[in-house]
Amino acid sequence: MNADEIRVAAEPHVGDAGAPGVVALVARGDDVHVETLGHLSIGGPPIRRDSLFRIASITKPITAAATLALVEEGLIGLDEPVDRLIPELAGRRVLVRPDGPLDETVPAERPITTRDLLTFTFGFGMAAEMFMSPTPWPVVQADAELRLATIHPPNRAVQPDTHTWIANLGSLPLIAQPGERWLYNTGASVLGVLAARAAGQPFGEVLRTRLFEPLGMRDTGFWTSETARLATAYRPTPDGLAVWDEPGGMWSRPPAFEDGAARLLSTVDDLHAFAGMFLGRGPRVLFGESLRAMTSDQLTDAQKARGGLGPGFFDGRSWSYCQAVYADGSFGWDGGYGSSWLVDPGRDLIVIVLTQREFESAEPPPLHREIRAAAYAYHAAHG
């Protein structure tokens, strides 16, 4: 596959009414093709290969990998209760009804473990039904009032410092029993706190020393001083695209809370380096069982039965550690600010698409799907 084929798939979707700019990478083995189209902002400078993007939930598998590096170092146990390092989550109470009053609870049947956080089954997070309820759930209202920004849309501007954030989360009951069901997002946020305390370093330092430096991911982090490289973030509205974060905005300074769920900036080449780790290329930062677990189904049927981000969410896919795994053996995840990241080891294929146009649903828009489809069509035609 060459850059022209990526361009043909992407070009109809790039512009002031679609995505102002895109960087797309398709790699098959050592054959790597990158296409840049459009601009960093509407009417702004051209997108470049080294442009920076807010990668939102693609942060999650990066957080999982850093956590597993600490497991391999012996600093965290996979099935160890997190109480030793996060006493704020000890002695949990659980809501009698997910949509019920916060004072109607029962004791948790067991402690929360690291594995529960990695698989998003520790008992707190997003469920599709909370967004379809005619009246707000008390726990959802409390999430907003405590500035957790883990059930509501991500908002690093409101989140307090790490100590306050985890204390506020610990003041709330769980929505489900630990290990009972899959609930999206919050597990990765807590993993950042767990990793920082286990290593005795800020979470950003854990990521830098365990992943970014070994893999050469020199541009990935929670903020940047090189704001001229950062794409403007847009949100679609009935009247067209609206700016919701400028390059000199929230990502131009260190955050109060280094959230492991959705807060990193990165580039297409850094994410390619991270993907290559799973295909045995580049430095080895994870081994054996850690790599297998991150790329294979880690949920039970019961955990999936009441989970998901909408009807049919688990049709053809499941969840490993902080990312989706698909029936065809591929794995990856998408970032709601406009990015997608997929690794298919059976085809030795990597597809990365970076924009800064916010998704309008839980599934990637046509730009992402059509680049991915073009990559698979090329693979099928050329073996």
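**Exercise 1.** Determine whether the end-to-end distance of helix α12 (residues 366-382) agrees with its number of residues.

*Solution.* Helix α12 has 17 residues, and at 1.5 Å a residue these should span 24 Å; the expected span is 1.5 Å times one less than the number of residues. The end C-alpha atoms of α12 are 24 Å apart, which agrees. Helices here are DSSP runs of H or I with at least four residues, strands are runs of E with at least two, and both are numbered from the N terminus.

The model is predicted: local features need pLDDT of at least 70, side-chain atom pairs count only at pLDDT 80 or more, and totals for chains, interfaces and linings use all residues. Residues are numbered from 1 along each chain as its sequence is written, and side-chain values use heavy atoms, with hydrogens and water left out.

**Exercise 2.** Identify the buried residues of α12 and the exposed residues on the face turned away from them.

*Solution.* Buried means under 20% relative accessible area, exposed over 50%, and partly exposed in between (1.4 Å probe, protein chains only). The buried residues of α12 are L367, H368, I371, R372, A375, Y376 and H379. Seen down the helix axis, they fall within an arc of 165°, so they line one face of α12; the arc is that of the directions from the axis to the C-beta atoms. The face turned away from this buried side carries the exposed residues A380 and A381.
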